Every structure is written in C-alpha cells, then in structure tokens.
Amino acid sequence: MVSYRRSRVAGGTYFFTVTLRNRQVSTLVERIDELRLVVKRAREEHPFRIDAFVVLPEHLHTVWTLPADDGDYAGRWRQIKGRFTRTLVKGGVALSKNSKGEYNLWQRRYWEHRIRDEEDFRRHIEYIHFNPVKHGLVKRVRDWPYSTFHKFVRQGVYPLDWAGSELDGEGEYGE
C-alpha cells in the first residue's frame with residue numbers, strides 16, 4: 001500500500017482539488033445549497049478561512065488558510081465529504097456502495113498543495129477562478145455562478161472582465 005505524506009502546517013494556506021468518483025455527473029452544482037451548508041457547518045465547528053472557491057459539476061477547487069494553531073485540513077475534508085454524502089442519502093439520492101459498504105460518491109483521496117508564497121497564492125487563486133472557462137463550462141469567468149470570483153469583483157480585486165473577453169483564453173492561471 002502506498003504511504004501518502006501530506007504537508008500539515010498549523011496556520012498553513014492550502015490549495016485543494018476534491019473530486020467526485022463519477023466524473024460524468026453534475027451533483028455538486030445540482031446540490032450546491034447542500035454543499036454550501038455542510039461547508040458552513042464545518043467552518044463553524046472547526047474554523048478556517050476560505051480564500052477562494054469554485055464548484056464545478058463534479059469537482060471543486062479551493063484555497064483555505066487554517067488557524068495559527070491548527071493544521072488538520074484532513075479532518076475538515078472528512079467532515080465535509082461525509083456530511084454531504086449523508087445529506088444526499090437522507091434526501092433520497094441513490095448512491096452505490098463499494099465492497100466495504102462505503103458510498104461511492106467521492107474519490108477516496110484529494111489533491112493538496114501547501115501555498116509557498118504570494119506568487120504561488122496568486123497563481124492558484126487565478127487557476128480557481130479561470131477553471132470553469134478551462135473546462136468549457138462558460139466562455140467568460142464572470143458567467144460561472146459558483147465561484148468566489150464575484151466576491152473578488154465586489155471587493156475591487158478583479159474587474160468584471162478579468163481574464164479578457166470570451167476569445168481570450170490564453171494566460172497563466174494556476175499550475
């Protein structure tokens with residue numbers, strides 16, 4: 001069995017990609033209200049700052065900053081994934097189970113990257129916000145509703161036409 005080593009730094013800032021097992025579904029956007037609620041509850045119980053977030057049909061990207069005395073992002077993801085799954089099951093969504101009796105909603109693991117510096121932070125935030133365009137879901141960043149991009153526009157960080165027009169898909173947006 002492979003031994004996964006994760007970088008756990010109290011107060012660290014991390015980029016995550018979390019994916020559903022079935023990449024052909026739209027569960028995350030179809031159930032966006034439930035997802036928002038479980039993330040909110042996780043933050044209430046185990047605080048962390050969401051620096052950026054985008055939800056796509058079958059995966060999400062986010063950057064979190066943990067409290068200065070806490071490096072347990074894995075526990076937070078376990079809580080979010082488990083609660084979201086249980087919420088769907090309670091809501092009547094039929095989910096298959098694996099041979100261990102676990103629901104097959106999420107991919108078992110997730111991608112995590114500890115942010116190293118301001119440039120790394122900027123690139124990952126841009127990657128998050130540009131991702132719906134990259135996946136062909138919209139032609140302009142501003143047209144995707146499930147993103148903190150809109151908050152960044154309200155705060156004056158980005159102009160509404162950030163990343164160019166619908167014809168300008170070239171640029172350095174993340175990894």
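Q79 is found in helix 3, where helices (H or I, at least four residues) and strands (E, at least two) are DSSP runs, numbered from the N terminus. The structure is a predicted model, in which local features need pLDDT of at least 70 and side-chain atom pairs count only at pLDDT 80 or more, whereas totals for chains, interfaces and linings use all residues. Residues are numbered from 1 along each chain as its sequence is written, and side-chain values use heavy atoms, with hydrogens and water left out.

With a relative accessible area of 14%, Q79 is buried; buried means under 20% relative accessible area, exposed over 50%, and partly exposed in between (1.4 Å probe, protein chains only). Residues up to four places away in sequence not being counted, Q79 touches A42, E45 and H46. Contact here means heavy atoms within 4.5 Å.

The chain as a whole has five helices and four strands. Their order from the N terminus on is β-α-α-β-β-α-β-α-α. The C-alpha trace spans about 45 × 35 × 35 Å along its principal axes. The radius of gyration of the chain is 17 Å, which agrees with the value near 16 Å that a compact globule of 175 residues would have. This radius is taken over C-alpha atoms, and the globule rule is 2.2 Å times the number of residues to the power 0.38. Of the 175 residues, 45% count as buried. The chain exposes about 10000 Å², and carbon and sulfur atoms supply 48% of this area; accessible areas come from the Shrake-Rupley method with a 1.4 Å probe, and for residues only the protein chains shown count as cover. Among contacts between residues at least 6 apart in sequence, 68% join residues at least 24 apart.

Helix 2 covers residues 32-45, which makes 14 residues, and reaches 20 Å from its first C-alpha to its last, close to the 20 Å expected at 1.5 Å a residue. The expected span is 1.5 Å times one less than the number of residues in the helix. Within helix 2, the residues I32, L35, V38, V39 and A42 are buried. These residues lie on the same side of helix 2, because they cover an arc of only 130 degrees around the axis; the arc is that of the directions from the helix axis to the C-beta atoms. An α-helix has 3.6 residues a turn, so residues three or four places apart point the same way. On the other side of helix 2, D33 and E44 are exposed. The cover over the buried residues of helix 2 includes helix 1 (27-30), strand 2 (49-55), strand 3 (59-65) and helix 3 (73-90).

Strand 3 also holds T62. T62 is buried, and its relative accessible area is 0%. Leaving out residues up to four places away in sequence, T62 touches Y14, F15, F16, I50, A52, F53, W77 and I128. The C-alpha atoms of T62 and F16 are separated by 5.3 Å, although the two residues are 46 residues apart along the chain.

Side chains of opposite charge can pair when their charged atoms come close. The structure holds twelve salt bridges, a salt bridge being a side-chain nitrogen of Lys or Arg within 4 Å of a carboxyl oxygen of Asp or Glu. One of them joins the side chains of E45 and R83 (2.9 Å, N to O). Because E45 lies in helix 2 and R83 in helix 3, the pair ties together parts that are 38 residues apart in sequence. E45 counts as partly exposed at 41% relative accessibility, while R83, at 13%, counts as buried.

A salt bridge is also formed by the side chains of R31 and E34 (3.0 Å, N to O). R31 is partly exposed, with a relative accessible area of 25%, and E34 is partly exposed as well, with 22%.

In another salt bridge, the closest N and O atoms of R122 and E126 are 2.8 Å apart. R122 and E126 are four residues apart in helix 4 (residues 118-134), and are therefore separated by about one helical turn. R122 has a relative accessible area of 34% and is partly exposed, whereas E126 counts as buried at 11% relative accessibility. A network of salt bridges links E119, R122 and E126.
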